[in-house]
Amino acid sequence: MEKSTFRDWMLYLAVLVFSAAFLAGGWRYATAGRQLLGQNINGTVSPSVKAKLVETIASNEIYSQYTGAVTETRTVSYAVFTEGADKGKQVLVTQVMDSTAMLLETPFSPGDRVFVYQGENEYGEAQWFVAGPVRTPWLLGLTAAFVLLVVLFGRGKGVRTILSLALTCMAVFFVLVPAIVSGRNIYLWSIITCIYTIIVTLSLVSGCTFKSLAAALGCLGGVGVAGAITLISERALRMTGLVDEDSMLLLFINEERPIDLKALIFAAIIIGALGATMDVAMSISSALTELMRNLPGMPFWSVVRSGLSIGQDIMGTMSNTLVLAYVGSGLHVTLLFLTYYERLEDILNVEMIAAELLQALAGSIGILFAIPATTLAAAFFRRPFSRQEKEAS
C-alpha cells in the first residue's frame, strides 16, 4: 500500500495553499464590479423557492378559438414552502403546460417537490407558478456514490483524485466562467485555467516526481497543439461563433461590448481536450515509469520505442472517447439536420456541425501529439528518474 512521506504531505499542503490563493484571487478579480459583459448584474430571472405539493385543487384545459384543440393545461395545487423565511407557509401554485409540454410531461401530483416562483398572470395579479421539479437530491446521490466508489477503490489516491476533481470544478465555475461573464480575456483565462488544472491534478495524484513532470509536459504539448489548430481553423473555416440560439443570446446581452464567441469555441476545445490529453499523458508516463523501475538503465531510444508502442494502443480508444462525447452531446441536432438536408456536405457546412467536428478533430490531434511529447519527456528524464527512485528506496 502507498505510504505518504513528510515531503508528500508538505506538497499536498503547498498545492492546497496555492489553490486557495488562485481560486480566491481569481474569483475576486473576475467578479470585481459585478459586471455582466459590461453591464451591471441585477438578476433577470425571478428567484425560485423549493416547495412540496400537498393537494391538487383543479385542472383546467384551455382550447384554441380557431381549431378547438387543447392548447394549454393549468393545474392548481396547494404547496408548502420547504426553505427560506416563509418555510412552512402554504400557497396556491399553478403548473402551466402548453401543447408541447403536454406531450412530454405529466402534471405534478401531491408529494412532488418542485421549484416555484412568483410572477404575474394575464390580469396583472401576483401568482405563484411551478418552475420545474427539484432534481438536485438525485444528482447529489449519484455524486455521493461516485465519490464513495472512487475512495473505496483508490483509498488515499482516491481521496486525492476527488480533491483534484473538486479543485478543477472550482477553477472552472469560480474563476473561468465568472471571468468570461465579466468580459475578461477568454483566451488568457482559459489557458490559465488549463495550466492550473494540470499542475494541481498531477501534483495531487502523482506527487512531485519526474513521472508527473513528463505527463505535464506531454499534456501541455497536446493542449497547445489543439489550441493552435483551433486558432488556425477558425480563420480557415471563417467561423463566427454563432452556432446556436444560445450563442446569439450571449452576443446581444450587451451590444456595446459583445462577447467574443470565437474565443468561446477556443476555450471549449482546449478544456475539452485537457481531460483526454492528461489521461493519455499520465497513462504513458506511468507505464514508462514502471518499465524503467523494473528495467533500470534502459537506453533513450528503447524508452521512446516502448512509449510509442504503448501510445499506439491508447490513441484509438481515446480518440473515440472525444469523438463519441461530442457526437453524443449533439445527437439531437445531428438528427434534426439529417431530416432537413439531403446531402452530407450541406450538413458539414453548417457552422454548428463544423464547430463540433473541429472540437473532435482538434482534440484528437492534440491527443496524438501528447503521445510522442510525453514519451520524449519521460525518456529525457530517465536518468534523473533512476536517481529519484534510488533515493526513495
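The paragraphs below lead from the overall form of this protein to some of its individual residues.

The structure is a predicted model, in which local features need a pLDDT of at least 70 and side-chain atom pairs count only at pLDDT 80 or more, while totals for chains, interfaces and linings use all residues. Residues are numbered from 1 along each chain as its sequence is written, and side-chain values use heavy atoms, with hydrogens and water left out.

The protein contains 12 helices and seven strands, where helices (H or I, at least four residues) and strands (E, at least two) are DSSP runs numbered from the N terminus. Along the principal axes, its C-alpha atoms fill a box of roughly 85 × 55 × 40 Å. Of the 393 residues in the protein, 38% are buried, a term that stands for under 20% relative accessible area, with exposed meaning over 50% and partly exposed in between (1.4 Å probe, protein chains only). The protein exposes about 23100 Å², and carbon and sulfur atoms supply 63% of that area; accessible areas come from the Shrake-Rupley method with a 1.4 Å probe, and for residues only the protein chains shown count as cover.

Contacts, defined by heavy atoms within 4.5 Å, show how the chain folds back on itself in this model. Among the contacts with a separation of 6 or more, 66% are between residues 24 or more positions apart. The protein also carries 27 positive and 30 negative side chains, and the centres of the two sets lie 18 Å apart. In this count Lys and Arg are positive and Asp and Glu negative, while His and the chain ends are not counted; the place of a charge is taken as NZ of Lys, CZ of Arg, CG of Asp or CD of Glu.

The next topic is the aromatic rings. A search of the whole structure finds 12 aromatic pairs, and rings of Phe, Tyr and Trp (its six-membered ring) pair if their centres lie within 6.5 Å, with planes under 30 degrees apart counted as stacked, over 60 as edge-to-face and the rest as tilted. One of these pairs is formed by Phe18 and Tyr196, which are tilted, at 5.7 Å centre to centre and 40° between the planes. Because Phe18 lies in helix H1 (residues 6-30) and Tyr196 in helix H4 (residues 186-206), this pair ties together parts that are 178 residues apart in sequence. Phe18 is partly exposed, with a relative accessible area of 37%, whereas Tyr196 is buried, with a relative accessible area of 2%. A further pair joins Tyr187 and Phe266, whose ring centres are 5.0 Å apart and whose planes are at 50°, so the pair is tilted. Since Tyr187 lies in helix H4 and Phe266 in helix H7 (residues 261-294), this pair ties together parts that are 79 residues apart in sequence. Tyr187 is partly exposed at a relative accessible area of 25%, while Phe266 counts as buried at 5% relative accessibility. Ring pairs also link Phe18, Phe22 and Tyr196 into a cluster.

Not counting residues up to four places away in sequence, Thr230 touches Ile265, Phe266, Ile269, Leu358 and Ala362. In helix H7 lies Leu264, which is partly exposed, with a relative accessible area of 24%. Apart from neighbours within four places in sequence, Leu264 is in contact with Ile180, Ile186, Leu250 and Ile259. In helix H4, Thr197 is buried, with a relative accessible area of 5%, and its contacts, not counting residues up to four places away in sequence, are Thr168, Leu274 and Met278.

Most residues other than glycine have a negative phi. Arg155, however, has a positive phi of about 55° although it is not a glycine; Arg155 is found in helix H3 (residues 136-181) and counts as exposed at 53% relative accessibility. Arg238 likewise has a positive phi of about 55°, but its place is in the loop between H5 and helix H6 (245-251), where Arg238 counts as exposed at 72% relative accessibility.
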